[in-house]
Amino acid sequence: MSTTVTDEQIQALASTAKPYSLALLQWTPERTMDGADVMELEHQRRMVSLVPTG
């Protein structure tokens, strides 16, 4: 069962799409180096501070 998608449908959807970026992260051997846990905690603190409240 196939549905035909028209050029107009694609253009309508594309005109309302928001641009996004994607970052793929992976663990490296440096993950366990001295100070990495402190750095990660500070990063998490920064992320939490960016969450809108009330």
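Colleague: What relative accessibility does Arg-45 have?
Modeller: This is a predicted model, in which local features need pLDDT of at least 70, side-chain atom pairs count only at pLDDT 80 or more, and totals for chains, interfaces and linings use all residues. Residues are numbered from 1 along each chain as its sequence is written, and side-chain values use heavy atoms, with hydrogens and water left out. Buried means under 20% relative accessible area and exposed over 50%, with partly exposed in between (1.4 Å probe, protein chains only). Arg-45 counts as partly exposed, its relative accessibility being 47%.

Colleague: Which residue forms a salt bridge with Arg-45?
Modeller: A salt bridge requires a side-chain nitrogen of Lys or Arg within 4 Å of a carboxyl oxygen of Asp or Glu, and here the closest N and O atoms are 3.2 Å apart.

Colleague: How many residues in the lining of the largest pocket are nonpolar?
Modeller: A pocket is an open set of points on a 1 Å grid over the protein atoms alone where a 1.4 Å probe fits, with protein on both sides within 12 Å along at least five of seven lines, and lining residues have an atom within 4 Å of a point. Glu-40 and Arg-31 are among the lining residues, which also include Leu-25, Trp-27, Met-33 and His-43. Ala, Val, Leu, Ile, Met, Phe, Trp, Tyr, Cys and Pro count as nonpolar, Asp, Glu, Lys and Arg as charged, and the others, Gly among them, as polar. Besides 2 polar and 3 charged residues, the nonpolar ones number 5.

Colleague: What radius of gyration does the protein chain have?
Modeller: The secondary structure comes to 2 helices and 0 strands, the C-alpha atoms fill a box of roughly 55 × 35 × 20 Å along the principal axes, and 2% of the 54 residues count as buried. The radius of gyration is taken over C-alpha atoms, and the globule rule is 2.2 Å times the number of residues to the power 0.38. A compact globule of 54 residues would have a value near 10 Å, whereas the protein chain has 21 Å.

Colleague: What distance separates the C-alpha atoms of Ala-12 and Trp-27?
Modeller: Ala-12 is found in helix α1 (residues 7–16) and is partly exposed at 44% relative accessibility. Trp-27, for its part, belongs to the lining of the largest pocket. Along the chain Ala-12 and Trp-27 are 15 residues apart, and their C-alpha atoms are separated by 40 Å.

Definitions and conventions
Helices (H or I, at least four residues) and strands (E, at least two) are DSSP runs, numbered from the N terminus.
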